[in-house]
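This report describes selected features of one protein model. Please examine the sequence and the structure before reading on.

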Amino acid sequence: MRHGEKTFNKRNKTAYLYACLSEKGWARAYNLKALFGPQPSPPFRTPSALFAGNYSNPSDCRDEHGWYRTQTTIAPLAAASPGGLDLAVESGTGWLPTLCAAEERGHCRQAAKSGSSPHDYGVCCNTAAARRVKERLAQHGVGAVLVVWEHANIGYLAEELGAPAHELAWPDPEFDLIFALHFRPSGEYLRLERLYQGFTHHTQGYLGPQESCGAVAPLEFEHDPDAYSAAQDELSASG
């Protein structure tokens, strides 16, 4: 799945590409407890292992904990708190060529070219990340793994896990979609299922705050939610 929504400043649109979670992104993160927690919402399952993509980039925003937006998104679910799983998050893997050895990576290309995401290096170290996910899935007692990733790299990771490329289109404005990959006990890939979180601010079972950092939109858009959605859509092709 993709990380939660990001902050948007209409006076600095480039910053959106590297931003931390917005209020809505934080609210989405807390809502993952209702989907994947100890009492999950079908068809979702409680994961036994958690991964968060490592941006490994000083340009990308980190919160007060030093977490990138992928780590922040999964943190409430991982926490040892009501509705949380008390699990460590594996955040050493990612897509940049600096995050894996040359023999562990697929083809890497220069990112930030015209028309592409600044986080799109090709398959690159998604190959090594997929190998690590498979290793965890093969361990005794691990029935499901949840991965929070950067959206330009979700397709690469899923393909390295066995999913066919033609099934992996990810709409640029999309934050609600989840690719659920199914495997045989042997580790052989079976199929891909497209699921949706169905997230709304007041969704039943939502455990996050109802205001302040749980507010749905930044203050400058609080009276014009359509403008906020339009602004995010305008930039989503690049972020």
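Is the link of Cys20 and Cys61 left-handed or right-handed? The angle about its S-S bond is -95°, and the link is left-handed. The model discussed here is a predicted one.

## Disulfides

A disulfide is a covalent bond between the sulfur atoms of two cysteines. The count in this model is three disulfides. In the bond of Cys20 to Cys61, the S to S distance is 1.9 Å. Cys20 lies in the segment before α1 and Cys61 in the loop between β1 (49-52) and α2 (69-78), so the bond ties together parts 41 residues apart in sequence. Cys20 is buried at 13% relative accessibility, whereas Cys61, at 26%, is partly exposed.

Cys100 and Cys125 are also joined, with their sulfur atoms 1.9 Å apart; this link is left-handed, at -85° about the S-S bond. The sulfur atoms of Cys108 and Cys124 are 2.0 Å apart, and their link is right-handed, at 90°. Cys108 is partly exposed, with a relative accessible area of 24%, while Cys124 is buried at 0%.

## The largest pocket

The largest pocket has a volume of about 700 Å³. It is lined by 28 residues, and those closest to its centre are Ala144, Val145, Phe179, Ala180 and Leu181. β4 contributes the most to this lining, with six residues. The lining comprises 23 nonpolar, two polar and three charged residues.

## The surroundings of His3

His3 is located in the segment before α1 (23-36). His3 is buried, because its relative accessible area is 0%. Its side chain forms a polar contact of 3.4 Å with that of Arg69. Beyond its sequence neighbours within four places, the residues in contact with His3 include Tyr55, Trp149 and Phe175.

Note on methods: Residues are numbered from 1 along each chain as its sequence is written. This is a predicted model: local features need pLDDT of at least 70, side-chain atom pairs count only at pLDDT 80 or more; totals for chains, interfaces and linings use all residues. Side-chain values use heavy atoms; hydrogens and water are left out. Helices (H or I, at least four residues) and strands (E, at least two) are DSSP runs, numbered from the N terminus. Buried means under 20% relative accessible area, exposed over 50%, partly exposed in between (1.4 Å probe, protein chains only). A polar contact is a pair of N or O atoms within 3.5 Å; within protein, one must be able to donate a hydrogen and the other to accept it, and residues adjacent in sequence count only if both atoms are side-chain atoms. Contact means heavy atoms within 4.5 Å. On a 1 Å grid over the protein atoms alone, a cavity is a set of points where a 1.4 Å probe fits but cannot get out, and a pocket is an open set with protein on both sides within 12 Å along at least five of seven lines; lining residues have an atom within 4 Å of a point. Grid points are joined across faces, edges and corners, and a volume is the space filled by probe spheres set on the points. Ala, Val, Leu, Ile, Met, Phe, Trp, Tyr, Cys and Pro count as nonpolar, Asp, Glu, Lys and Arg as charged, and the others, Gly among them, as polar. A disulfide is a pair of cysteine sulfur atoms within 2.5 Å.
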